[in-house]
There are 2 protein chains.
Amino acid sequence: MIRHTVVFKLKHDAGSENELNFLRAAQKLVEIPTVNNFECFRQVSEKNNYDFGLSMDFNSKAGYQAYNEHPDHIQFVETLWIPEVVEFMEIDYVRYSES
Amino acid sequence: MIRHTVVFKLKHDAGSENELNFLRAAQKLVEIPTVNNFECFRQVSEKNNYDFGLSMDFNSKAGYQAYNEHPDHIQFVETLWIPEVVEFMEIDYVRYSES
């Protein structure tokens, strides 16, 4: 299992219609077939500068790659993510085990 | 539900006994009573500088606070986290919902 997460900050005003529209579009990424356990979050710690987060799990690297290359994901990145996200960080996890 | 996560980088060499000992101690935080869904991860994205992550869920702010104030957590922070972690970021999430 690979957990892909991203925290981000939008250029929109908090509570604005543009913010709402972005988050609605982001949540449609759940429909990409290899995505599991999709979650959309508000980021609430005051110890960083991000406002939202997405988290999703993939069963394999191939599933993760299929997501990255999926036309719906590419379109989302090009038409919404790049123009509307001002700051972000991707964090990907695999379960830790000794050895 | 509040999901508390932290990504971090240790001062130890990868695969060293010191690294192993730190991660074993970190995983004992699961025993603090208000902690749910505790997970210890390797961070595998090349788009950030962190090597490990912890994730845990709390049912309430009170449960989160109880964790922060728990003697086992305080001891872990003072004796291991502060001296052995060179870089970290805390990210806390609550589920996004409209309105």
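**Barrel strands and a buried tyrosine**

Me: Starting with β1(A): how many bridges join it to strand β4 of chain A, and which way do they run?
Reply: 8 bridges join β1(A) to β4(A), residues 85-95, and the two run antiparallel. Keep in mind that this is a predicted model.

Me: Which residue in β4(A) is the bridge partner of A:V6?
Reply: A:E90.

Me: And how many bridges join β1(A) to β3(A)?
Reply: 7, again with an antiparallel run. A:R3 has A:D57 as its bridge partner in β3(A).

Me: What joins β2 to β3 in chain A?
Reply: 5 bridges, between residues 36-43 and residues 52-58, running antiparallel. A:E39 stands opposite A:S55 there.

Me: What do the 8 strands close into, and in which order?
Reply: A barrel, with antiparallel pairing. The order is β1(A)-β3(A)-β2(A)-β4(B)-β1(B)-β3(B)-β2(B)-β4(A). Neighbouring strands are turned by 30 degrees against each other on average, direction ignored.

Me: Switching to helices. What does α3 of chain B lie across?
Reply: β1 and β4 of chain B. Helix α3(B), residues 71-84, runs at about 110 degrees to β4(B).

Me: Now A:Y67. Where is its place?
Reply: In helix α2 of chain A, residues 61-69.

Me: Buried or exposed?
Reply: A:Y67 counts as buried because its relative accessibility is 3%, and the cut-off is under 20%.

Me: Leaving aside its neighbours within four places in sequence, which residues is A:Y67 in contact with?
Reply: Among them are A:H4, A:L29, A:V35, A:F58 and A:H73. A:V35 is 32 residues apart along the chain, with 7.2 Å separating the C-alpha atoms.

Methods: Residues numbered from 1 in each chain as written. Chains lettered and ligands numbered in written order. Predicted model: local features only at pLDDT ≥ 70, side-chain atom pairs only at ≥ 80, totals over all residues. Heavy atoms only, no water. Helix = DSSP H or I, 4+ residues; strand = E, 2+ residues; numbered from the N terminus. Buried < 20%, exposed > 50% of the residue type's maximum accessible area, 1.4 Å probe, protein only. Contact = heavy atoms within 4.5 Å. Pairing = 2+ DSSP bridges. Axes fitted to C-alpha atoms, helices over the stretch in contact; angles between N-to-C directions.
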